[in-house]
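Have the structure open as you read.

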Amino acid sequence: MNTFLRDRDTGVEWQRVDTPNLMDCNNYKAFWAKWDRTSYRITVGNGAVIGRNTFLDWVDTNARIFQGFTISTYNGATGLWDFSFLQGNVYSIFTEAEYKYEYAWFQQSTNYVTFKVRTCDNAHLLLSARMNEVVTDAYEIVLGGYTNTKSDIRRGAHGTILLQVDTPNIVNCDEYLPFWAKWENKTLQVGSGNLDEHVIMRLDDPDLPAVSAVSVSSWTSARAEFQFPETQVTLLKAYTLASQGYRTVHRSLIDQTQLVFKVRAQKDARVALLIVHGNIRTASYEVEIGAQTNSKCLLKVKTSVGDIVAEANTPSVLNEMELRAFWISWYNGTVRFGSGDSVDQNQLLSVVDPQPAYRRHIHSAAVATGDGPNGEWEFKGTLDDGNGGTATTGGTTVATVPPGSDASTTPVFLSTLAQSSGGSSGPDPGMVAGIVLGCIAGVLIIVLVAMYVVKRYRKKKLEESEQINFDNPAYYGNVVELTPTSSTAEA
């Protein structure tokens, strides 16, 4: 019912606000917290974008500086938490405990690369003149090699060591640490922190090639996760195996409402839209392209007790020899999917989410492929027209749940054939869908009006019996500044 900010040692409350239904037992909810070390201002809000939907805002007059945080639940509740420390949109590349440059490659738009990495040892970064070139015209940077004691610059993958320095504990198993590499005027520099800070290695080499592609790998001793800013990447190619599941490449989608991509696969190419970056358990929506031996596409709304599913017959929608373009759009509770390299082109599926408040904060997308040969994915810049695109009607399926029904009991299951360019033997599916949705909207309006009348009647009776004025804003106390007391009672 409410949220408050207090002194953990004394129990003194500094601010309390009404936040009804802020949490949910069955779904992840996204929140953020920010503390300014100059103004000593603490703000907290919900959603995936820091600074939006703020519900706590307080300035610490004692000017305390926070160095870390911890978490807890209270009053018998059990909580499941997940954290993201992203700043802006990034590509996250997950590598297994094996040595290979076959997870992802991206074309670089600058003469430097900045990234963060979390691993116990042996973070490998390959700088190359072109994609998939790992020996000729390539330089390898190893951070935390030799059980996290040394770092190298090598010529080519696992090639001749050109430079080696002692760097004890330079990487960390539990923390994303920032690094950079820069190449110009036949000089390669590697450092930690922000760009051009804390130079770790410097190599002057007249044979240094013009770097245009970057890839990453682990060693056999530890997994790793790398994060690269989207603004440095002009094109990313990712490769997926069935054994990896969704632990492949994730792309954050903060402030976005659509995603355009290409994929080459034999069947079962999957995209999951996540509430929490890197956590597949927080999937909101999932698209399966080429399901059932490359014969169907499925669009799912994930719920705690089952999926709401729309499907379309799409024979041979994927090709294992050819990259094909697709798009996904999510806006105002409607999720749409289609083929082509621009949103609204060749829409195949659309689902109206019956509970969009639970899933409105899409933070990132993860990709995967099912059984069969490896999948190849290609991403460029995110397109976003700011309103989710313009809906189309041809060849679509809409899955809806009638008002008042329990959206999470029995999954809705619909299917359709792609609309033919020839004659029609029945009513226009778009017209039928419009009529059905119009009827549902009319019923919903009647129900809402009736609920409002009943609510006003009950409120009036309660006011008469208890002399409470519910229309007085002061009654609710949306933000209450509390005077510090010596109370230590739990709320």
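In which strand is Val-271 found? The residue sits in S21, residues 269-274; helices (H or I, at least four residues) and strands (E, at least two) are DSSP runs, numbered from the N terminus. Before going further, keep in mind that this is a predicted model, where local features need pLDDT of at least 70, side-chain atom pairs count only at pLDDT 80 or more, and totals for chains, interfaces and linings use all residues. Residues are numbered from 1 along each chain as its sequence is written, and side-chain values use heavy atoms, with hydrogens and water left out.

Back to Val-271: it is buried, with a relative accessible area of 1%. Here buried means under 20% relative accessible area, exposed over 50%, and partly exposed in between (1.4 Å probe, protein chains only). The strand around it is mostly covered too, as 5 of the 6 residues in S21 are buried.

What flanks S21? Strand S22 (residues 283-290) pairs with S21 in the antiparallel sense over 6 bridges, where pairing asks that DSSP find at least two bridges between two strands. Within that pairing, Arg-270 has Glu-288 as its bridge partner. S21 is also joined by 6 bridges to strand S28 (residues 364-369), again antiparallel, and there Leu-273 stands opposite Ala-365.

If you leave aside neighbours within four places in sequence, the contacts of Val-271 (heavy atoms within 4.5 Å) include Tyr-246, Phe-261, Val-287, Ile-328, Val-367 and Trp-377.

Follow Phe-261 next. Now for the cores: a nonpolar core is a set of buried Ala, Val, Leu, Ile, Met, Phe, Trp, Tyr and Cys residues joined through side-chain atoms within 4.5 Å. The largest one has 69 residues, and those with the most contacts inside it are Leu-125, Leu-127, Phe-261 and Ile-289. Strand S13 (residues 177-184) gives the most to this core, with 4 residues. Apart from it lies another core, of 10 residues, among them Val-17 and Trp-58.

To finish, look at Trp-35, placed in strand S3 (residues 31-35). Trp-35 is partly exposed, with a relative accessible area of 35%.
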